Amino acid sequence: MHGFPYHALVITGYDQHNIYYNNCWTNEKTSWSIDAFIKNWNSQAQRALSYEFRRDTKINKKILTAVLISSSLLGGIFTFNNNSVHAQTLTPDTGIVTTIKMASLYNENGKIICNRLLPANTPWITRNYLQIPSIGKFYQVSTHEFVKAEDVSFQHGKANEGVVWVGNNGALEYTYKNEHYQATAGKLAPITAWKYGFTDNAAGKTWYQVATNTWINSDDIAVPQYSNPNGWYPIHNTQITQQQKAGYDLYNGVEGIKVYKVRQYLGLSNTHTIYESSVITRVRNWQANHGLPVTGIVDYNTWTKMGFSGQEWFDIDNYVAPLKLTLTVAEVITLKP
């Protein structure tokens, strides 16, 4: 504008085609086309714009320095009301459009909305598009506001992350184009897991995007049946419950850590941890020598009299289910006796 690197620009007004600003060298009001302004603003990394409302007593209208729509996909200020736009002009196509530059907004007739702009690199939910003859394609981002297809990149589907398994026959790969899923020559290997980022429901199927514009559908997925290798115990992804409550008495045939401790206390071998006849005999003698009922059964009173803590009586053998693992998270679990 003035032969020097841009520093600051005071915008004093605007209309459908131009932005007006004060020329700091001539102190005169000067105009600049909106397209030229946006082009130069983009070249300056879209440095911040401020805005101010004031009354001009001559023309009696609000003058804006700039108006930007600063919320995006997460802002949630826009709501759709398809009944307010002629239904026959809209074609359903759910997805997310991301602006690739500062993008102007248009009404349903393809006319620019002068005081509304979308910042670059912001995502917006869209559910419909509008094809206007001789003008082009527009995505709806609000009830009466649309953005040009050439100003955005379009991501079909609903954001939804997860992991899907391919079935025994593999999975055909599809691309999404012109509102339809089209089969390709690609195919995913059988019994493989794939992470998806977007899903869709169409033609009675659920679709999963597993790569850039690469989709598979629910006809080709399955839950794999795992078979553990020989010599390994399977880990079940279900809650395991105890057959009896913690704090149970020790009697003939019982096995566990508490039996191990009692056997050790009585000086018996711990080659196994079964409560057998030799343990019963030792316990009966010990109970007789310590004024307890001679039953041969270790109950809570016998346990604590032997010097073990009451807390251990309930804590030992109290089962805690293992941590649940997922396909995308690795964890190391150390088991201690």
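In this predicted model, strand E5 is covered on both faces. Ala 103 and Leu 105 are buried on one side of the strand, and Ser 104 and Tyr 106 are buried on the other. Strand E5 spans residues 103-106. Two strands pair with E5. Strand E6, residues 112-118, is joined to E5 in the antiparallel sense over four bridges. Strand E9, residues 145-148, also runs antiparallel to E5, and two bridges join them. Across these pairings, Ser 104 stands opposite Leu 117 in E6, and Tyr 106 stands opposite Phe 146 in E9. The hairpin of E5 and E6 has five residues between the strands, and within this hairpin Gly 110 takes a positive phi near 85°.

When neighbours within four places in sequence are left aside, Ser 104 is in contact with Ile 38, Ile 112, Arg 116, Leu 117, Phe 146, Val 147 and Asp 151. One of these, Leu 117, is the residue that stands opposite Ser 104 in E6.

In soluble globular proteins, nonpolar side chains tend to be buried together. The largest nonpolar core of the model has 18 residues, of which Leu 250, Val 262, Tyr 275 and Val 298 touch the most other members. Helix H2 (257-265) and helix H3 (277-289) each supply at least two residues of this core. The greatest share comes from H3, which gives three residues. Apart from this core lies another, made up of eleven residues, including Leu 105, Val 141, Val 147 and Val 152. Leu 105 is also one of the buried residues of E5, and Val 147 is among the contacts of Ser 104.

Tyr 251 is found in the loop between E16 and H2. The relative accessible area of Tyr 251 is 39%; the residue is therefore classed as partly exposed, since the value lies between 20% and 50%. Tyr 251 and Tyr 275 are 24 residues apart in sequence, while their C-alpha atoms are 6.2 Å apart in space. Tyr 275 is one of the residues that touch the most other members of the largest core.

Strand E16 covers residues 214-217 and contains Asn 217. At 1% relative accessibility, Asn 217 falls under the 20% limit and so counts as buried. Beyond its neighbours within four places in sequence, Asn 217 is in contact with Tyr 174, Lys 205, Thr 206 and Trp 207. The side chain of Asn 217 also reaches the backbone nitrogen of Asp 219, at 2.9 Å. A separation of 10.0 Å was computed between the C-alpha atoms of Asn 217 and Gly 204, which are 13 residues apart along the chain.

An open sheet is formed by three strands in the order E1-E2-E3, with antiparallel pairing. Strand E1 (11-14) and strand E3 (29-33) are the edge strands, each pairing on one side only. From one strand to the next, the twist averages 30°. Strand E2, residues 18-22, is joined to E3 by five bridges. In this pair, Tyr 21 stands opposite Thr 30 in E3.

Over the whole protein chain there are five helices and 16 strands. Of the 337 residues in the chain, 32% are buried. Among contacts with a separation of 6 or more, 50% are between residues 24 or more positions apart.

The mean pLDDT is 76, and 69% of the residues reach 70 or more. Over residues 1-6 the pLDDT is below 50, and this stretch has nine contacts in the model beyond near neighbours in sequence. The pLDDT also stays under 50 over residues 50-79, for which the model has 54 contacts beyond four places in sequence. Where pLDDT is low, the predicted coordinates should not be read in detail.

Conventions. Residues numbered from 1 in each chain as written. Predicted model: local features only at pLDDT ≥ 70, side-chain atom pairs only at ≥ 80, totals over all residues. Heavy atoms only, no water. Core = buried A, V, L, I, M, F, W, Y, C linked by side-chain atoms within 4.5 Å. Buried < 20%, exposed > 50% of the residue type's maximum accessible area, 1.4 Å probe, protein only. Contact = heavy atoms within 4.5 Å. Polar contact = N/O pair within 3.5 Å; in protein donor to acceptor, adjacent residues only side chain to side chain. Pairing = 2+ DSSP bridges. Axes fitted to C-alpha atoms, helices over the stretch in contact; angles between N-to-C directions. pLDDT = per-residue confidence, 0-100.
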